[in-house]
Amino acid sequence: MKKIGKIFIGTLMFLATTVLVMGEPAPIYEYRSETLKRLDEQMNNERDRNRLKKLNTQYEIALNEYIESTNRNSNVIFQLGDQYFRMNQLERAEKIFSMDNKDIRNLFGSATSLRFLGKNQEAISKYNEVLDINPSFYEAYLGRGIANRNLKNYDSAISDFREYLEYKKDEYVYAGIGDIYMATDRYAEAKTILEQGRATFPNSKILRELLSKVYGKVK
């Protein structure tokens, strides 16, 4: 089996950074309490491990107190987790999202944070929870597909990406499916899906490049 190509990895990195937590990228707004902001700043500047450990303990206490003060409001948890996600503090984001299992956005946020942390199997479990609640939450198919691709579950990844395309057409998802087929020597299937994508996105450079490679393999 060939390795998944650089083009494919690039397409999925593009998707991974644009499908953040919910929808399109947006400016980072401030949802932290003053105490959390102060502790974050102190931890960012601290180099001593023992003092950093103490600050982290203080942070955990302050975080729980803040969330409890909102009656564990799902929207507050989402906004705070989303802020940390966009700040690239993924472990913190995942911990915060996991403080609520009622709002589907927080389940999805937790899943996406886990995927970015490289915990793909855990991410798949979370994406499954999202889709159990709402099978039409199509972003979860994309996230689960990327996690499956990372685990080399290629057929599962293809299935997830195809399901995503039922809800939203995306040239990079067409390219991703095509590149998996190419990497697993299924050039006829690659040709079919890439031509479908090219019909929808006739000016796509990436689809054109992949098709040129496929045509060299298919008689």
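**View 1. Packing of helix α4 against helix α5.** In this predicted model, helix α4 (residues 74–86) packs on helix α5 (residues 90–97) at an angle of about 165 degrees, and their axes lie 8 Å apart. Axes are lines fitted to C-alpha atoms over the stretch in contact, with angles running from 0 to 180 degrees between N-to-C directions. The two helices α4 and α5 are therefore roughly antiparallel (angle over 145 degrees). The crossing of α4 past α5 is left-handed, meaning that the near helix is turned anticlockwise from the far one by less than a right angle.

**View 2. Residues in the α4–α5 contact.** From α4, the contact (heavy atoms within 4.5 Å) involves Ile77, Phe78, Leu80, Gly81, Asp82, Tyr84 and Phe85. Helix α5 contributes Leu90, Arg92, Ala93, Ile96 and Phe97. By class, there are 9 nonpolar, 1 polar and 2 charged residues; Ala, Val, Leu, Ile, Met, Phe, Trp, Tyr, Cys and Pro count as nonpolar, Asp, Glu, Lys and Arg as charged, and the others, Gly among them, as polar.

**View 3. The chain around the helix pair.** The chain has 12 helices and 0 strands, assigned as DSSP runs (H or I, at least four residues; E, at least two) and numbered from the N terminus. Of its 219 residues, 47% are buried (under 20% relative accessible area, 1.4 Å probe, protein chains only). Among contacts between residues at least 6 apart in sequence, 56% join residues at least 24 apart.

**Notes.** Residues are numbered from 1 along each chain as its sequence is written, and side-chain values use heavy atoms, with hydrogens and water left out. Local features need pLDDT of at least 70 and side-chain atom pairs count only at pLDDT 80 or more, whereas totals for chains, interfaces and linings use all residues.

Methods
Parallel < 35°, antiparallel > 145°, perpendicular 65-115°, else oblique. Buried < 20%, exposed > 50% of the residue type's maximum accessible area, 1.4 Å probe, protein only.
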